Amino acid sequence: MSQYPTAPKTPSVEIDARSGFCHGVVTAIRKAEEELERSSEPLYCLGDIVHNSDEVERLERKGLSTITHDNLANLKNVRVLLRAHGEPPSTYITAKQRGIEIVDATCPVVLQLQRRIKDTYDNTSPRPQIVIYGKSGHAEVNGLVGQTNGEAIVVENTNQLSRVDFNRDIALYSQTTMSLQGLDEMVKEINRRIAPGVTFNYYDTICRQVANRVSHLREFSAAHDVILFVAGAKSSNGKVLYNECRGVNERCYLVSRAGDFRPEWISGAESIGICGATSTPRWLMEEVKEIVNQHI
């Protein structure tokens, strides 16, 4: 046996290969970059292209300007990019009236959901109550509600089902980034409360690329001593996934940018995992890894 003490083991640092932008966000960012390269004319984005301030600032440096719906009504004859979340019909009407060229980067999954809701609203007789399981005020949900002339009922949890008339037919849809478990609970509660003879149809419209990340991230979190979860402060998806990770590993820390890292978080850790939300750029996770490596 050696008389010399064994050198402490250097912690391993792993970035989750499946974390980061979903396909819809990747496509929207690629479209923005292509449009910026194609023309020197101003390019505006209606709302943050992604809920991550670092990525928004990176694209702003390339020439992308973020605007609000109020700004849109005052613009004329310009290019405006619609992000992956999608927009209600009123946005397209405003753009046409103002001579605005739309660069449509709506996620195909969201676009298909918008069409399904509009078809139910326009072509089902008698028209059912359209209920959307989602976050009220979220950009995607605003676009979905817009397909029903503002009549859809938005519920974030079963406690809000008091807004629904259980004596009338119901068609339930879901925001694409909600949890599968939450949707299952919503369906069970509506079935429990609905009046006899009333029709209830529900549609699982949750994006599997997002939903399947939950089980994967739970496994990833359990496999490491410390988890650094990288997500923007505005990301609702980030908050959900962070809580999933923390539910498995109490040494899970939320990091918005590399400068948020605290060396004491990794004290005594042999393995450190870095992961993130669907709105987290890969380069930001790499920056976090770089600063971690400076402290091990």
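Where helix α5 meets helix α6, the two cross in a right-handed way. A crossing counts as right-handed if the near helix is turned clockwise from the far one by less than a right angle, and as left-handed if anticlockwise. Before going on, please note that this is a predicted model, in which local features need pLDDT of at least 70 and side-chain atom pairs count only at pLDDT 80 or more, while totals for chains, interfaces and linings use all residues. Residues are numbered from 1 along each chain as its sequence is written, and side-chain values use heavy atoms, leaving out hydrogens and water.

Let us start with the whole chain. The protein chain has ten helices and twelve strands; these are DSSP runs, numbered from the N terminus, with helices (H or I) of at least four residues and strands (E) of at least two. Its C-alpha atoms fill a box of roughly 85 × 55 × 25 Å along the principal axes. Of the 296 residues in the chain, 50% count as buried. Buried means under 20% relative accessible area, exposed means over 50%, and partly exposed lies in between (1.4 Å probe, protein chains only). Among contacts between residues at least 6 apart in sequence, 71% join residues at least 24 apart; a contact means heavy atoms within 4.5 Å.

Now for the helix pairs. Two packed helices are described by the angle between their axes and the distance between the axes. Axes are lines fitted to C-alpha atoms, for helices over the stretch in contact, and angles run from 0 to 180 degrees between N-to-C directions.

| Helix pair | Angle | Axis distance |
|---|---|---|
| α5 (residues 108-123) and α6 (residues 139-146) | about 30° | 8 Å |
| α8 and α9 (residues 236-248) | roughly 35° | within 8 Å |

Val110, Leu113, Gln114 and Ile117 of α5 meet Glu140, Gly143 and Leu144 of α6. By class, the residues of this contact are four nonpolar, two polar and one charged. Here Ala, Val, Leu, Ile, Met, Phe, Trp, Tyr, Cys and Pro count as nonpolar, Asp, Glu, Lys and Arg as charged, and the others, Gly among them, as polar.

The crossing of α8 and α9 is right-handed. On the α8 side, the residues in the contact are Val210, Val214, Leu217, Arg218, Ser221 and Ala222, and they meet Asn237, Leu241, Glu244, Cys245 and Val248 of α9. This contact has seven nonpolar, two polar and two charged residues.

Not counting residues up to four places away in sequence, Ser221 touches Ile227, Cys245, Val248 and Asn249.

Another buried residue is Leu81, at 0% relative accessibility, in strand β4 (residues 79-82). Leu81 and Ile102 are 21 residues apart in sequence, yet 5.9 Å apart in space, C-alpha to C-alpha. Setting aside neighbours within four places in sequence, the contacts of Leu81 include Ala28, Tyr44, Cys45 and Val103.

Finally, the cysteines. The structure holds zero disulfides, a disulfide being a pair of cysteine sulfur atoms within 2.5 Å. For Cys45, the nearest cysteine sulfur is that of Cys22, 14 Å away; Cys45 is buried, at 1% relative accessibility. For Cys252, the nearest cysteine sulfur is that of Cys245, 5.0 Å away, and Cys252 is buried at 0%.
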